[in-house]
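Good morning, and thank you for coming. I would ask you to look at the structure on the screen while I go through its salt bridges and one further residue.

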Amino acid sequence: MDLTYEWDWEYAWEILPDLLDGLWITIQATFFGIILAMILGLAFAILRRSEVRAISWPTAWVIEFIRSTPLLVQLFMLFYVLPHYGIRIDAFTTGVLALGIHYATYTSEVYRSGIEGVPRGQWEASTALNLSTMTTWSRVILPQAIPVVIPSLGNYLVAMFKEVPLLAFITVFDVLGEGKAACTRNFQCVEPYTLVGVLFLIVSIPSSILVRQLEVRLARQP
Amino acid sequence: MLEWNLWRALLDGTWITVQVTVLAALLGTILSILSGLAGLSSVRAVRWANQVYVDFFRGTSAIVQLFWIFFALPFFGISLSPLLAGVVTLGLNMGSYGSEVVRGAIRAVPRGQTEAAIALNVTSFDRMRYIIFPQAAVTMLPPYGNLLIELLKASALVSLITLSDLTFQVQILRVNGSASTTQLFTIALVLYFLLAMGITGLVRAAEGYLGRGLEIGRGARRS
């Protein structure tokens, strides 16, 4: 063991701008990914509650299947399989798609708990008032179900952020992709990978604290 | 369908995936318990050190940790084999999440149990070992099962440090062009799904086993 590794400040300083560029890509992927996950997750949650078993049952299985298999394999699958069917999208979009679909299975659970938290009387009142299914969902149920689940969605935002580096393995130059590149270019890997880790800590610890505060604040409301 | 030798390669990969998952789960479970108990310690320095561990591993990404341990650690003269690097990283990672599960479950055991144990003059070690922990274990199991499935999924990362797990084998076969890409990835996902269902089944069985004789087990209503 030799714990006297000489940290190369000059090298660290030199690769930092590339890593920050990568971090920006990582943040963008997280942003688009969570938006997709929030939309798709809501669709999953609503389909799963369908009274038609031919809809609710397959939805439940698809959610279970996607959620219990590795994101990395799903990512590779989309990246290598889609072009076979003539669908050509760039690596970044493929990555966002994989992140969005994978995390939609988690967000759908979050929505489900929110929807189940809406008192039964609200459904009954909507029926009594002869509101259409569409109006019941969009004007009565969802406006009550969604605000309470926002902090839980925030937790998945942070979780997703930490999985974006997988995109580096389908040629996206996110923060880890830049780190890998610096490592192979210079044969010095300690600085890039340490900086990547530090950048993650710098972003994700404050965001977790923020989400926790949001949770506390929303819990205090009646 | 695929030829036998292709199945052979996929099953060999699955076996590596199982090994990595089981070994990392062992390490992760031990760390979860130690870290969960450390989080409840009355010594401030222990709680603080534990929080640093938990925040560090939860705050950074598993893949970044794996790359650091596999590619950066050798510069400090510590070279781990791909298997060891994978098991250590995934285990440390799982421990940081399991810590909260253990801590939460122990805190959920009614205070009266601790008070009764003190009144009966049970030592603090025996109190945890025979009274508090067995009751907390039942509450821990469902979230623990989720952690095991997350671990199984994360085990695919070891393919990126050249360990020939299921994901790695699929990539090799894909590059060789031995089978259609769609087929390969579908089979891999199904195999992972079957493993996950196996984990779910085992955790259910454990819930039934640990819950026997306890009021808070499955089927019994919590008062």
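Over all chains of this predicted model, the count of salt bridges comes to nine. I shall take several of them in turn.

Arg185(A) and Asp18(A) form a salt bridge, and their closest N and O atoms are 4.0 Å apart. Which parts of the chain does this pair link? The two residues belong to distant parts, 167 residues apart: Arg185(A) is in helix H7, residues 175-186 of chain A, and Asp18(A) is in helix H1, residues 9-48 of that chain. As for accessibility, Asp18(A) has a relative accessible area of 31% and is therefore classed as partly exposed, since that class runs between 20% and 50%.

I turn now to chain B, where a salt bridge joins the side chains of Arg8(B) and Asp12(B), at 3.9 Å from N to O. Where do these two residues lie? Both are in helix H1 of chain B, residues 4-39, and they are four residues apart, about one turn of the helix. Asp12(B) is partly exposed, at 37% relative accessible area. Arg8(B) is partly exposed as well, with a value of 47%.

The next pair is also in chain B. Arg111(B) and Glu115(B) form a salt bridge in which the closest N and O atoms are 3.3 Å apart. Helix H5 of chain B, residues 111-119, holds both partners, four residues apart, which is about one turn of the helix. Are the two partners buried or exposed? Glu115(B) is partly exposed, with a relative accessible area of 42%. Arg111(B) reaches 61%, and because this is over 50%, Arg111(B) counts as exposed.

Back in chain A, there is also a network to note: Arg48(A), Glu109(A) and Arg112(A) are joined into one by salt bridges that share partners.

Finally, I would draw your attention to a serine. Ser68(A) sits in the loop between helix H2 (53-67) and helix H3 (71-81) of chain A. Why does Ser68(A) count as buried? Its relative accessibility is 4%, and buried means under 20%, so Ser68(A) falls in that class. Which residues is Ser68(A) in contact with, once its neighbours within four places in sequence are left aside? The contacts are with Ile149(B), Lys153(B), Tyr192(B), Phe193(B) and Ala196(B), so to follow them on the screen, please look from Ser68(A) towards chain B.

Note on methods. Residues numbered from 1 in each chain as written. Chains lettered and ligands numbered in written order. Predicted model: local features only at pLDDT ≥ 70, side-chain atom pairs only at ≥ 80, totals over all residues. Heavy atoms only, no water. Buried < 20%, exposed > 50% of the residue type's maximum accessible area, 1.4 Å probe, protein only. Contact = heavy atoms within 4.5 Å.
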